[in-house]
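Take a look at the fold below.

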Amino acid sequence: MSEELVTVYDADGNATGTAARSRVYAEGLWHGSAGVLVRSSDGSRIYVHRRTPTKAVFAGMHDCLAGGVIDPGETPLQTATRELHEELGITGVPLTALASAAWDGQWAGKPMRCHVFAFETYCDGPIRHQPDEISAGWWWTDDELAVHLADPDWPFVPDTRVLIPQLLRLRQHP
């Protein structure tokens, strides 16, 4: 079985080609990912989940974006739609790019450097976790999430931790 290919980007956010996922992570190549912030239909709560302990990166950590890497030939919106369905079982909901379709949050950490294309949707469920990726999930208010994020020892995905203040500031209202 051949290894999964992902789209490689340059530092400015332009797609430049493809590479095996293992190479992207091992060499810290810039790549793209898309994530969806899921809010309750009234906008009062955010869906937070815990990644399984078997994930390749950030195993067992919490996150509030359902998302993943951009596959070759996909747009960020296509990736976000696919990942929302794969991870949380959510389909048929509109996704809105946070701030603009071109918004790109950058994270340059270990083991990767990534352009994160963020979207938002409003949905109350049903939510169905992909058991290989999500071990648990629950709804929190922005304030509840902020309290946990203020604790640097709380195991939260580092790229989302850095970007979430921007994501919450940029969010669209229904």
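**Surface, fold and cores**

The protein exposes about 8,300 Å², with 54% of it supplied by carbon and sulfur atoms. Accessible areas come from the Shrake-Rupley method with a 1.4 Å probe, and for residues only the protein chains shown count as cover. This is a predicted model: local features need pLDDT of at least 70, side-chain atom pairs count only at pLDDT 80 or more, and totals for chains, interfaces and linings use all residues. Residues are numbered from 1 along each chain as its sequence is written, and side-chain values use heavy atoms, leaving out hydrogens and water.

Of the 174 residues, 46% count as buried (under 20% relative accessible area, 1.4 Å probe, protein chains only).

Now the fold. There are four helices and ten strands. Both are DSSP runs numbered from the N terminus: helices are H or I with at least four residues, strands E with at least two. Along the sequence the pattern reads β-β-α-β-β-β-β-α-β-β-β-β-α-α. Contacts are heavy atoms within 4.5 Å. Among those with a separation of 6 or more, 66% join residues 24 or more positions apart.

Next, the interior. A nonpolar core is a set of buried Ala, Val, Leu, Ile, Met, Phe, Trp, Tyr and Cys residues joined through side-chain atoms within 4.5 Å. The largest has 18 residues; Val-36, Val-38, Leu-84, Leu-88 and Phe-119 have the most contacts inside it. At least two of its residues come from each of β3 (30-39), α2 (76-88) and β9 (113-122). β3 gives the most, with four.

Not counting residues up to four places away in sequence, Val-38 touches residues including Cys-64, Leu-84, Leu-88, Thr-121 and Trp-139. A second, separate core has 14 residues, among them Leu-65, Cys-114, Val-116 and Leu-145.

Technical notes:
Buried < 20%, exposed > 50% of the residue type's maximum accessible area, 1.4 Å probe, protein only.
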